[in-house]
Amino acid sequence: MAMRVLKSLIFLIVVLSNTVLADDQNTSLVNADKTVYINLLKTIKESKISNDEIALQKVLLEKLINTLPTPVTNTPLSAPTNVDEYTTLFNRYIDDALKKDSLAKKIKSINTKIKSLTKEIKSLESNANSERTLQLQSALYTKSLQDFKDQYDVITNEMLSIDKMLTESLKNITLDSESLPKRTVMAQDEASKLRATIDTFLVKKERFELLGDTHDKGITTATISTKEDAYNKALRVTIASLFLEISDALKFKNNKAFVLEKSILDEASSLENANVIKDAIASLLHNMEKDYFGTLDTIKGSTEQEFKNILKTSWNMMSDPMFTLNGTPISMLKIILAILIFLIGIFGGGFYKTSIKRITYNSKSINLATRTILSNIGYYVIVITAFFVALNVMGIDLSSIALVAGALSVGIGFGLQNIVSNFVSGIILMFERSIKIGDFVELSDTLRGHVTDIRMRATTLNTNGNIDVIVPNRNFIEGNVINWTMHDKLKRFDIPFGVAYGTKPEHVSAVIVEAVANSGYKDILVTQDKYTNVIMTGLGSSSVNFILQVWIHGEEILAPSKTTSRFLIIIYNTLNAHGIEIPFPQHDVHIKSVDENVHLSLFPSTEKSDKEEMTKA
């Protein structure tokens, strides 16, 4: 019984001590020295408490006690005195860049973990034991973080020193300008062969796997990995050789350095961690360029080279095939050129059309119709030619288009027969010249006007009301068209009128002809075979019908409604002046019988009188 009481007291003391320690975790555990960790570990072991939490604390404390900081030691740097040492120093710069990137990732990861632990500690609710575990884990992360930061700083300083050494030692290094390009080409060839071998191995390995062949046949993962290591080494040799070429160009202040800079960055793109290596090389070269060329020339050279690189990249992108049409690769560049040529054809055709109209405007030998035909035909020839040239630039075989057109001819004949019909009709109108620009034509009683334009699909008519009417060309070929001005501006107007029965026809004819002659209109033509006349045309139901035939020349024939109105007024006034009746329709109605009720409602008084007479009788 006494032993049980003693054990209970010891356990209570340990718990209370843990609570006191937990209250001080935020200020002691993370930044404590080994003595604190040793004492805490001793206390936990003496408590005889055993659970997962305590076991984890013991492990963490032992790591904090026994883990020593990683010594940051590097091979001492010395300025290179020959090409080999210069190359070795450059390779060390790249290795340092990879180490620096790896350390940066580790530092970022540990910072994330520490932040997560901090949030977890704050969210704990009066659990001193768990809090202490998290604090110990945070302390371990914090010490590792500091270790990585120290290494990061050492490597950063070393890279700065290498940068400075490479820049300064270049002045004393002798480089063979003639052999360096050959050395680069050899390294590039070696890398290309290794890359081709790796690709061949990968294809064969995949083929064996698809066939279910379990035998490696000399193509194992280890073999491929060895080849890839050799390929990476060959790339590093190529990059080092290009760096020597750039250094040689910098030494003599040759702008070739900016061109080679693009090449070395392209080669670095094939390495693992390419972005890290490219950034490091670009930074090194930029510093060296500023030292040898000066800041302004470096900016100028870099900008110029970057512009060239952008142009080259854009050109390559536009030259790469986007898709294939009938076996012909079509690229963005071809499409742009084709569109440009077609647009040039359209603008060129428009310029030709405008020029022809301007040149022939004051020509007496070329009338408006001829001018329009020349301009329209030339425009369409230029546009169609540009279209076929654009297709040829795209690499499309015109014979294949002819084949497709032949195959679709039946469908086009049915589906586009109206368009084709109007197109052919437009060509006929242009060459036949039965209808010309400026002619006054009549298609129906309600549609007449001047021809203002003849195109391939439709003809434009401008009516006397200044309304433009677009008429399909086939209407001029298939239907009857009255051309009032085809040969001259002379037309006979036939104006009908009627008089009452009982009037002498000779008298009517004489007074109307005399009235027209005395009207004073200058556009009335009277010749031996063309003169004003009135003829009787028939005996109507209400009138005797006549027609006034009068010849008109000049612009007035283009306003037929106005001209007809003038002579109708003359006829009306003349007939009224001579007392000649102008009849209107009259009808006699004969009633055979009437219903008695209707008769009573119409004549009630008459019916009443008849009844009274009958009563008296």
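Buried means under 20% relative accessible area, exposed means over 50%, and partly exposed lies in between, with a 1.4 Å probe and protein chains only. This is a predicted model, in which local features need pLDDT of at least 70 and side-chain atom pairs count only at pLDDT 80 or more, while totals for chains, interfaces and linings use all residues. Residues are numbered from 1 along each chain as its sequence is written, and side-chain values use heavy atoms, with hydrogens and water left out.

**View 1. The protein chain as a whole.** The secondary structure comes to 21 helices and 11 strands, taken as DSSP runs (helices H or I, at least four residues; strands E, at least two) numbered from the N terminus. Of the 617 residues in the protein chain, 33% are buried.

View 2. The 20 residues of helix H10 (residues 274–293) should span 28 Å at 1.5 Å a residue, and the end C-alpha atoms are 27 Å apart, which agrees; the expected span is 1.5 Å times one less than the number of residues. Buried residues in H10 include Ala274, Ile277, Ile281, Leu284, Met288 and Phe293. Gly294, which follows H10, has a positive phi near 95°.

**View 3. A nonpolar surface patch.** Leu337, Leu340, Ile344, Val389 and Val393 make a nonpolar surface patch of about 380 Å². Helix H12 (332–359) and helix H13 (368–393) each supply at least two residues of this patch, and H12 gives the most, with three. Val389, found in helix H13, is partly exposed, with a relative accessible area of 37%. Patch residues have over 30% relative accessible area and no salt bridge, with nonpolar side chains (Val, Leu, Ile, Met, Phe, Trp, Tyr) joined within 5 Å and like charges within 9 Å; a salt bridge is a side-chain nitrogen of Lys or Arg within 4 Å of a carboxyl oxygen of Asp or Glu. Accessible areas come from the Shrake-Rupley method with a 1.4 Å probe, and for residues only the protein chains shown count as cover.
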